[in-house]
Amino acid sequence: MRQALSVASECVPLIKTGGLADVVGALPGAMATQDWELRTLLPGYPTVMRQVPRAKQVWKSSDLFGGSARVVAAKIDGLDLLILDAPHLYDRDGTIYLGTNGQDYSDNPERFAALSWVAAELATKGIGDWQPEVLHLHDWQAALTPWYLRAMGGSAGTLLTIHNVAFHGIAPAARLNTLRLPPDGFTSDGFEFWGQINMLKAGIVAADQISTVSPSYAHELTTPEFGMGLDGVLSGRSHDLSGVLNGIDTGVWNPASDPLISTHFKTARGKAKAKAELEKEFGLPAADGPLCIVVSRLTTQKGLDLLLDALPALVDRGGRLAMLGSGDRQLENAWLRAAEEHPHVAVRIGYDEPLSHRMFAGADSVLVPSRFEPCGLTQLYGLRYGAVPVVALTGGLVDTVIPANAAALSAGVATGLQFHPITVDALAHSLIRLCELFDDTSTWTCLQRNGMKHPVGWDNSARDYADIYDRLCSQ
Ligand code: ADP
Ligand code: GLC
């Protein structure tokens, strides 16, 4: 097997705030089918360190960005992990990115620059007879690696995968030294961005290859509407930019065997009990319309403010909504108020993985009204569990859902609904359409059946990544 190192700030099952963790956790299994052995380098947050009590030290330093640090190797759930134990950087009371005051840690640039530094050093020196040919870097947290690798004389090929261009990793120019970056890189062709250091841009200009998590988002990234100021630099590298669609771990997300749900099913007919349980769990009355769910971070990206305004279209037709999410305080409060106003809406604020599985199992439909969505995973879980997705026409939502238009319905291939433009009106219209389709039992069953058969695993995408890895090795 050939060796690669994947570098990220989150990884299932150890630490997760969003889809990045699912993807990083699934990638080693996916790439093993292509004869690539992935190790995963992760920061040693307290919760991660607690899960690796008997680990072997494989690297150490007396001064990693201001303190001593070591890397330990451990195997968990089939993952081959390298964990950067650096208490001065990661042993904090807040979340992995935010302090207890809800603000980013002021040294986030250094915290993740250190991760990138260690990735470059491990790749350059190797560990025993392990020496990765490829570094697969995820988001801004790993994006300085190519610069450090260059400085250390390392020869591994680098692939930067952009999961979300909204997060840049910005640091003041005065931190060049503490970030161990070369001053001559602080130019508009390098990592300078409006007078500051932009770590994602650093990766975009220096990585050998760049990818993002769906073909549609790969195109959108090069446009001013979606590029978040990096569209120019991404366009400049369009020959090295590809879109590789995320898959999901079909072993973990399998309605026929999921240990987190009480009723297993292979066809949508078996969902009835799970649906009744979900209604009960959320205290929702039984009704004729579809039982919809949302499982999401509550941020502007996810468009859930649009859904608040479009709710009457659903509840007036007997539809119900169970929502699980957390994030922006104002949105959390607005959703709690909506639940008070509408008996057909129930809201749980928080993060609850087992509950999310029960929700996909019991739902008729999952709603994903995102303003932008690099890939999105919840529509994929929805497909797999017979919860018909209603999605905005953007990014990976374009590439994963076959909309129930007349052509797709007559060909019998539709799997969900897409709406465009991304407005309250268009969303409300698609919710009305959802209720109509739900009333038409044979069409609805066809939608569910198509969705449950739709390939949502990693097979094709693992091959695409293997092609990129091969290209890196021959460069
Ligand atoms: P993003 O990474 O932008 O948040 P994705 O759809 O790619 O969006 O991935 C989100 C992941 O996080 C999914 O696995 C989803 O089920 C999970 N998730 C989001 N919010 C919650 C929550 N409140 N409770 C449980 N799981 C959640
Ligand atoms: C990001 C994106 C999401 C994507 C996930 C995993 O968080 O917002 O669309 O599915 O990364 O790639």
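Guide: Helices (H or I, at least four residues) and strands (E, at least two) are DSSP runs, numbered from the N terminus. The model discussed here is predicted.

Visitor: With that in mind, in which loop is P13 found?

Guide: The peptide bond that leads from V12 into P13 is cis, with omega near 10 degrees. As for its place in the chain, P13 is found in the loop between strand 1 and helix 1.

Visitor: Does D35 count as buried, exposed or partly exposed?

Guide: D35 is found in the loop between helix 1 and strand 2, and its phi is positive, about 70 degrees, although D35 is not a glycine. Because its relative accessibility is 45%, D35 counts as partly exposed.

Visitor: And is D139 buried or exposed?

Guide: D139, in the loop between strand 6 (134-138) and helix 5 (145-152), has a positive phi near 60 degrees and is likewise a residue other than glycine. Buried means under 20% relative accessible area. The relative accessible area of D139 is 8%, so D139 is buried.

Visitor: Which residue in strand 2 does V7 stand opposite?

Guide: Strand 1 (residues 2-7) and strand 2 pair in the parallel sense, over six bridges. Strand 2 (residues 36-43) is mostly covered, since seven of its eight residues are buried. Within strand 2, the residue opposite V7 is L41.

Visitor: Which element gives the most residues to the shell around ligand 1?

Guide: Of the 20 residues around ligand 1, those that come nearest are K16, G19, R297, K302 and G350. An oxygen atom of ligand 1 is 2.7 Å from an N or O atom in the side chain of R297, and an oxygen atom of ligand 1 is 2.8 Å from one in the side chain of K302. Two or more residues of the shell come from each of helix 1, strand 13 (291-298), strand 14 (320-327) and helix 13 (378-384). The element that gives the most, with three residues, is strand 13.

Visitor: How much of the accessible area that ligand 1 has on its own does the protein cover?

Guide: The shell around ligand 1 draws at least three residues from each of domain 1 (2-247 + 459-474) and domain 2 (268-453), and by class it divides into five nonpolar, eight polar and seven charged residues. A polar side-chain atom of Y381 lies 3.3 Å from an oxygen atom of ligand 1. Of the 560 Å² of accessible area that ligand 1 has on its own, the protein covers 93%.

Visitor: How far does a polar side-chain atom of H163 lie from an oxygen atom of ligand 2?

Guide: H163 is among the closest of the 13 residues that surround ligand 2, together with N246, E373, C375 and G376. For G376, a backbone N or O atom lies 2.8 Å from an oxygen atom of ligand 2. For H163, the distance from a polar side-chain atom to an oxygen atom of ligand 2 is 2.6 Å.

Visitor: Why does ligand 2 lie between domain 1 and domain 2?

Guide: By class, the shell around ligand 2 has five nonpolar, six polar and two charged residues, and helix 1 (residues 19-32) gives the most, with three residues. Ligand 2 lies between the domains because residues of its shell come from both domain 1 (2-247 + 459-474) and domain 2 (268-453).

Methods:
Residues are numbered from 1 along each chain as its sequence is written. Chains are lettered from A and ligands numbered from 1 in the order in which they are written. This is a predicted model: local features need pLDDT of at least 70, side-chain atom pairs count only at pLDDT 80 or more; totals for chains, interfaces and linings use all residues. Side-chain values use heavy atoms; hydrogens and water are left out. A residue is near a molecule or strand if one of its heavy atoms lies within 4 Å of it. A polar contact is a pair of N or O atoms within 3.5 Å; within protein, one must be able to donate a hydrogen and the other to accept it, and residues adjacent in sequence count only if both atoms are side-chain atoms. Ala, Val, Leu, Ile, Met, Phe, Trp, Tyr, Cys and Pro count as nonpolar, Asp, Glu, Lys and Arg as charged, and the others, Gly among them, as polar. Domain bounds come from an automatic or database domain assignment. Buried means under 20% relative accessible area, exposed over 50%, partly exposed in between (1.4 Å probe, protein chains only). Two strands pair if DSSP finds at least two bridges between them. Accessible areas come from the Shrake-Rupley method with a 1.4 Å probe; for residues, only the protein chains shown count as cover.
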